[in-house]
Amino acid sequence: MSDAADAGSAYTWERSFRLWDTYFALIWVVTVAYVLAAEHPGWPVRAVASALLVPLVPLYVVVGRRLIQGDPPDQRQAGGYLTAALALFLPSAVLAGETRLLAFALLPQCFMTLRSRSALVAVAVINLVPVVGWALLWRPDTRDVVFNVLFCVVTLVFSVALGSWTIRIIEQSQERAELIAELDASRHEIGRLSEAHGALAERERLTREIHDTLAQGFTSLVMLVQAVEAELDHDVPEARRHLRLMDETARQNLAEARALVAGGAPADLDGASLQDALHRLAARHDATLEVTGPVRMLPAGPEVVALRACQEALANARKHAGSSVTVGVSLAYGDDSLMVSVRDDGCGFDPAAVRGGYGLAGLRARAVEVGGTAEVRSAPGDGTAVTVRLPVVRRELP
């Protein structure tokens with residue numbers, strides 16, 4: 001996009017500069033023709049005046065065009081160029097007053113190549129010196145002198161006004177160009193930061209997903225393996241039950257991994273209601289489930305958050321409180337809310353002392369993302385209760 005814009009700007013500038021070349025050439029041709037066609041002074045003088053104007057063409061083509069196109073023009077080279085141009089123009093203008101028509105091509109170049117003060121000095125020289133030199137050389141009558149002086153003053157005032165306006169336009173254009181460059185740089189920086197923020201957000205999302213699914217599943221497998229090792233010698237039926245749970249947990253972890261890669265819904269919610277998903281989840285963790293309120297289909301966002309919160313709370317209960325504690329899950333449907341709570345009668349802990357980890361922080365982050373809240377109540381020796389409240393919108397059936 002920017003390359004196309006740069007190419008368009010370059011083309012526009014090149015086309016407008018060709019118009020300026022045409023303008024300079026037209027003024028030069030008309031001036032030379034006007035000088036040669038004049039009745040006074042004599043032919044030799046007019047020929048000399050015209051000859052002095054000829055070197056202006058290669059001087060402009062070789063030096064002037066490059067200076068005008070400079071951004072900004074080199075002041076030393078610009079001074080040298082205009083000095084050479086005036087050295088050719090002023091003698092010609094003194095010899096033949098008609099040469100002053102060429103000033104309309106030289107005056108804009110002063111403002112295009114010089115700074116304001118230097119440009120105003122050059123404009124004054126171009127307007128005043130030819131008239132003064134012409135009057136001293138040819139001694140015209142008073143009427144012609146007054147007429148030429150008035151014309152010179154009007155031209156000078158017009159040149160200064162137009163030049164000042166031109167300089168102001170150029171300065172504004174340069175300010176706009178700098179502002180556009182800053183905005184373009186800011187846009188690129190914002191794009192880079194947005195991309196980095198998006199990557200960070202995606203990494204955090206994947207971290208939560210992996211922690212709440214695969215990591216918790218592997219933790220459950222480790223605990224089940226330890227339980228089986230302890231039961232093989234004296235309680236084979238219980239060991240077999242735990243082996244079946246290991247198989248179910250491993251399959252569930254595989255399904256979660258596939259869902260995570262595919263970016264779809266959690267495996268427990270694939271083709272099932274939230275109530276059914278929590279029922280299976282509670283069974284895998286030897287927990288009880290209580291459902292209250294009008295059970296109904298809800299938007300995917302709150303259901304996923306409720307499921308993940310329950311997974312995290314159940315995994316933490318079995319990991320920290322042990323497999324012998326009683327764990328209960330309650331799911332409450334409200335008119336405009338959904339609440340899921342996991343309680344255990346284990347050893348408890350001090351929530352304020354928890355530092356680091358993804359569990360509780362990820363649980364709260366998930367709830368906040370859908371406009372809900374997550375609360376953890378616990379105390380040493382008094383069990384733990386994790387409660388997540390989520391706002392929901394009733395889904396209308398078609």
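User: What makes helix α2 roughly antiparallel to helix α4?

Analyst: In this predicted model, α2 (residues 43–53) and α4 (residues 75–95) pack at an angle of about 160°, and their axes are 8 Å apart. Angles under 35 degrees count as roughly parallel, over 145 as roughly antiparallel, 65 to 115 as roughly perpendicular and the rest as oblique. The angle of about 160° therefore makes α2 roughly antiparallel to α4. Axes here are lines fitted to C-alpha atoms, for helices over the stretch in contact, and angles run from 0 to 180 degrees between N-to-C directions.

User: Which residues make that contact, and how do they divide by class?

Analyst: Contact means heavy atoms within 4.5 Å. From α2 come Val45, Val48, Ala49, Leu52 and Leu53, and from α4 come Leu88, Pro91, Ser92 and Leu95. The contact has 8 nonpolar, 1 polar and no charged residues. Ala, Val, Leu, Ile, Met, Phe, Trp, Tyr, Cys and Pro count as nonpolar, Asp, Glu, Lys and Arg as charged, and the others, Gly among them, as polar.

User: What about α9 and α10: why are they called roughly parallel?

Analyst: Helix α9 (residues 274–284) and helix α10 (residues 300–321) cross at roughly 10°, and their axes come within 11 Å. That angle puts α9 roughly parallel to α10. On the α9 side, Leu274, Ala277, Leu278, Leu281 and Ala282 meet Glu303, Ala306, Leu307, Cys310, Gln311 and Leu314 of α10. By class, this contact has 9 nonpolar, 1 polar and 1 charged.

User: Why is Glu98 called buried?

Analyst: Buried means under 20% relative accessible area, exposed over 50%, and partly exposed in between (1.4 Å probe, protein chains only). Glu98 has a relative accessible area of 19%, so the word buried applies. You will find Glu98 in the loop between α4 and α5 (103–113). Leaving aside residues up to four places away in sequence, Glu98 touches Thr31, Tyr34, Val35, Ala38 and His40. Glu98 and Tyr34 are 64 residues apart in sequence, with their C-alpha atoms 6.5 Å apart in space.

User: How much of the chain is buried, and how many helices and strands does it have?

Analyst: Of the 398 residues in the chain, 38% are buried. The chain has 11 helices and 5 strands. Helices (H or I, at least four residues) and strands (E, at least two) are DSSP runs, numbered from the N terminus.

User: How should I read the numbering and the values?

Analyst: Residues are numbered from 1 along each chain as its sequence is written. Local features need pLDDT of at least 70, side-chain atom pairs count only at pLDDT 80 or more, and totals for chains, interfaces and linings use all residues, while side-chain values use heavy atoms, leaving out hydrogens and water.
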